[in-house]
Amino acid sequence: MKRSYMVADQRFVEKRKDLLHYVSGTLDRDLTVAGPISPDLYVSTTGTDSDFDVKLIDVWPDGYQQLVRGEPFRGKFRHSFQHPEPFTPNVVEEIRFSMPDIYHCFRKGHRMMVELQSWWFPLT
């Protein structure tokens with residue numbers, strides 16, 4: 001991953017149709033998050049495979065969106081990395097995985113955002 005992507009304002013993806021984002025209210029005190037992040041997704045697709053990219057973002061008071069951690073997950077590996085399985089189209093399935101550790105302080109006045117994408121342009 002290019003270093004510039006890690007500091008790039010993440011607002012450039014806001015108009016994508018494959019994007020979901022969940023934003024907290026404004027924090028009334030500093031909040032430090034440490035350790036792995038473990039998304040638990042319930043998904044379906046019209047195809048037999050899909051990527052699911054989860055990003056944790058620090059939203060600054062001026063609107064700047066700082067990427068804290070992002071991780072792609074290929075759906076066919078949801079049960080095993082050794083034995084990939086296709087999805088059955090239009091059937092909801094659970095995907096659980098762990099992202100690398102973080103140690104980040106969301107400052108008072110900031111907001112936390114979780115963003116879910118079906119592909120991680122421009123990286124994939």
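Relative accessible area is classed here as buried under 20%, exposed over 50% and partly exposed in between, with a 1.4 Å probe and protein chains only. By this scale Arg 74 is partly exposed, at 38% relative accessibility. The model is predicted: local features need pLDDT of at least 70, side-chain atom pairs count only at pLDDT 80 or more, and totals for chains, interfaces and linings use all residues. Residues are numbered from 1 along each chain as its sequence is written, and side-chain values use heavy atoms, with hydrogens and water left out.

Salt bridges were defined by a side-chain nitrogen of Lys or Arg within 4 Å of a carboxyl oxygen of Asp or Glu. A search of the whole structure returned 9 of them. Strands (E, at least two residues) and helices (H or I, at least four) are DSSP runs numbered from the N terminus.

Among these salt bridges, Arg 74 pairs with Asp 51 at 2.3 Å, N to O. This pair links distant parts of the chain, with Arg 74 in strand E5 and Asp 51 in strand E4, 23 residues apart. Asp 51 is buried, its relative accessible area being 16%. Arg 74 also forms a salt bridge with Asp 49, where the closest N and O atoms are 4.0 Å apart. Asp 49 lies in the loop between strand E3 (40-43) and strand E4 (51-59) and Arg 74 in strand E5 (residues 65-74), so the pair ties together parts that are 25 residues apart in sequence. Asp 49 is partly exposed at 28% relative accessibility.

A further salt bridge joins Asp 30 to Arg 107, with 2.9 Å between the closest N and O atoms. Asp 30 belongs to the loop between strand E1 (19-23) and strand E2 (31-37), and Arg 107 to the loop between strand E7 (99-106) and strand E8 (111-117), so parts 77 residues apart in sequence are tied together. Both residues are partly exposed, Asp 30 at 39% and Arg 107 at 45%.

Aromatic pairs were assigned to rings of Phe, Tyr and Trp (its six-membered ring) with centres within 6.5 Å; planes under 30 degrees apart count as stacked, over 60 as edge-to-face and the rest as tilted. The whole structure contains 5 aromatic pairs. One of them, Phe 73 with Phe 81, is edge-to-face, at 6.0 Å centre to centre and 65° between the planes. Phe 73 is buried at 7%, whereas Phe 81 is exposed at 58%.
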